[in-house]
Amino acid sequence: MSSLSFLFPVSCIAIWAGNGIVSKMAVQLMSPAALAWSRWLVAALVLSPWLGRRAWLLRHRLFRCAPRLALLALLGMVLNQTLGYYAATTLGATEISLIMGLTPLMTVVLSTLLLRERPTWGALLGGLVSLGGLVVLLGQGDPARLLTHGISIGYVYMLLSALTYALYSVLLRRWVLGLDNWMMLYGQVLMSLMFLTPFFFLVDGRLPGWESLWFVLYAGVPTSALSPWLWMQGITLLGASRTAIYMNLLPVMTAGLAVTLLGEQLSWSHLVGGGLTLAGVILAQVQRTPVLFPGNKTASRGRRGDKSARAACD
């Protein structure tokens, strides 16, 4: 495994940070349904000249894998993104990224339950440190604030968004479909359009105006056509749990852009919480000693037995 493998998830997170700003600006001009639909339409138009012919040659395998590709698209592209856009109508870009920072913890838990992977001490401790940073940030320096002020619908949307992406990352690791990552992406893009086209015309149906063009292009090209491939490549090289821990960089990057471009205020709680978040990422990568649980032999047998379940769609 290359020592530069971390560049795939880090590059992906940088694109997502920019997309958080774009999302916040775009929902003032177009509906969340229109933004979700148009971004995947643009991605399909960009990828089809390059991947369409190869997809046709692999159509029989794609058809056999269609149910799994559909579920992956529903989780990682349709629900994750659409819920995030609806959250952007009430939450700031920094707040959105903070909730998405919970994804690594959710991924570690789901990987342990579904993949029977042993988490490392770094992943567990780093996740807890990052969670502490998120609590400081969300509570604006006062964790009790979360209890006294409750949780708004925007936070509910984002919690569900984070959960769907954690499950998406785990399933990507569990399922080996016999397709390269570009073909995996293209199949999911087409499936996303299948889900979002009727949703868009039922909920909205108004095509985005020219004033929204740049937002749609950013959401459709780097965010939709490139970043999912970067994320899948990271999962392939690093694993679901280790890749997801880089999600903790998202609040830090997004906060910097939000302060610069949107004028959002950066307080001491952002600095402390962001520092803890980044410390959790570093800890997770430095400390790789696996956690030893009672009955590890049984778990190992389960992992070996699970390999057959991860076979290609034959």
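Student: Which residues does the UniProt annotation "transmembrane region" cover here?
Tutor: According to the unreviewed UniProt entry, the annotation "transmembrane region" covers residues 36–57, 69–88, 94–114, 121–139, 151–171, 183–201, 213–232 and 244–262; the coordinates you are looking at, for their part, belong to a predicted model.

Student: What is the span of residues 36–57 in helix and strand terms, and how far apart are its end C-alpha atoms?
Tutor: The span of residues 36–57 is 100% helix and 0% strand, and its end C-alpha atoms lie 29 Å apart.

Student: And what about residues 183–201?
Tutor: Residues 183–201 are likewise 100% helix and 0% strand, with 27 Å between the end C-alpha atoms.

Student: Switching to V252, where is its place?
Tutor: V252 sits in helix 14, which runs over residues 249–262, and the C-alpha of V252 is 8.4 Å from that of S97, although 155 residues separate the two in sequence.

Student: Why is V252 called partly exposed?
Tutor: Because its relative accessible area is 33%, which falls between the 20% limit for buried and the 50% limit for exposed.

Student: How about L7?
Tutor: L7 belongs to helix 1, residues 7–26, and it counts as partly exposed because its relative accessibility is 40%; its C-alpha is 8.7 Å from that of L230, which is 223 residues away along the chain.

Student: New topic: how many disulfides does a search of the whole structure find?
Tutor: The search finds zero disulfides.

Student: Then C12, buried or exposed?
Tutor: C12 counts as buried, because its relative accessibility is 0%, and C65 is also buried, with a relative accessible area of 0%.

How values were computed:
Residues numbered from 1 in each chain as written. Predicted model: local features only at pLDDT ≥ 70, side-chain atom pairs only at ≥ 80, totals over all residues. Heavy atoms only, no water. Helix = DSSP H or I, 4+ residues; strand = E, 2+ residues; numbered from the N terminus. Buried < 20%, exposed > 50% of the residue type's maximum accessible area, 1.4 Å probe, protein only. UniProt positions renumbered as here; feature names shortened; annotations may be inferred. Disulfide = S-S within 2.5 Å.
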